[in-house]
Amino acid sequence: MADLAMNYVGGLARHSFYIDRQIRNAGEWPKPAGISLAGKTVALVGYGDIGRSTATRLLAAEMILNVYDPAFSSEPTDTLRSKTWPEGLEEADFLVFTCPLVPATHHMFNDDILPLLKPGVRVVNVGRGPVIKESALIDALERGIVHSAALDVFEVEPLPVDSPLRAYPFNIFGSHNASNTRDAVRRVSLLAIERMFAFLGLEG
């Protein structure tokens, strides 16, 4: 999931998915100007296993992280800082959600935060769909507050054919498939088997 989150950040920054679609489907040869990752600020929402793994990848790209998670505690550094939502959102070039869906995270992205966002922010969600209020995201895209969004999860899945999100060419869509790699499935399956054997008092 962290790999996909990082892939989405890079894809939104450099329009790589858009370029691919234009070459394949429209026979065009587009050269949109992207943005570099180094020195850009990420608002990272969620710092569990997925959030920490995503942070490792973002920091390797020389990005600055503002972390939003009540369980996160660390001495602040030049590149990793703890924030309380929605403090500091105006600094973020990217807004990355890796958090679970609980009452506190439901519709964290909503109409109320739009005035706080840096114009042109890019949004990534590999957590849960209802963390983002999609009507607010669509409004932000329409007004140019959000440049583009990469979403592996949605409020309604599959994404409806008539969803307004489809109208924005730089958006990237997934099929709630971020954790589905052969390696991850094998690791999880083996872990489940080991725990079942331990519960039954058997040796693997």
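Is tyrosine 18 buried or exposed? I found tyrosine 18 buried, at a relative accessible area of 16%; buried is under 20%, exposed over 50% and partly exposed in between, with a 1.4 Å probe and protein chains only.

A note on ground rules: this is a predicted model, where local features need pLDDT of at least 70, side-chain atom pairs count only at pLDDT 80 or more, and totals for chains, interfaces and linings use all residues. Residues are numbered from 1 along each chain as its sequence is written, and side-chain values use heavy atoms, with hydrogens and water left out.

**Entry: aromatic rings**

I paired rings of Phe, Tyr and Trp (its six-membered ring) when their centres lie within 6.5 Å, calling planes under 30 degrees apart stacked, over 60 edge-to-face and the rest tilted. That gave me six aromatic pairs. Tyrosine 18 and phenylalanine 170 are edge-to-face, because their ring centres are 4.7 Å apart and their planes stand at 65°. Tyrosine 18 is in helix α2 (residues 16–26) and phenylalanine 170 in the loop between β6 and β7, 152 residues apart. Helices (H or I, at least four residues) and strands (E, at least two) are DSSP runs, numbered from the N terminus. Phenylalanine 170 is partly exposed, at 25%.

Next I checked tyrosine 68 and tryptophan 85, an edge-to-face pair with 5.3 Å between centres and 80° between planes. Tyrosine 68 sits in strand β2 (residues 64–68) and tryptophan 85 in the loop between β3 and β4, so the pair ties together parts 17 residues apart in sequence. Tyrosine 68 is buried at 5%, while tryptophan 85 is partly exposed at 23%. Tyr68, Trp85 and Phe97 make up one aromatic cluster.

**Entry: backbone**

Most residues other than glycine have a negative phi, and most peptide bonds are trans, so I looked for exceptions. Tryptophan 85 is joined to proline 86 by a cis peptide bond, omega near 5°. Another cis bond joins glutamate 157 and proline 158, with omega about -5°. Histidine 107 has a positive phi of about 55°, and histidine 176 has a positive phi near 55°.

**Entry: sheet**

Which order do the strands take? I read an open sheet of seven strands, β3-β2-β1-β4-β5-β6-β7, with parallel pairing; two strands pair if DSSP finds at least two bridges between them. β3 (80–83) and β7 (172–173) are at the edges with a single partner strand each, so one side of each lacks a neighbour in the sheet.
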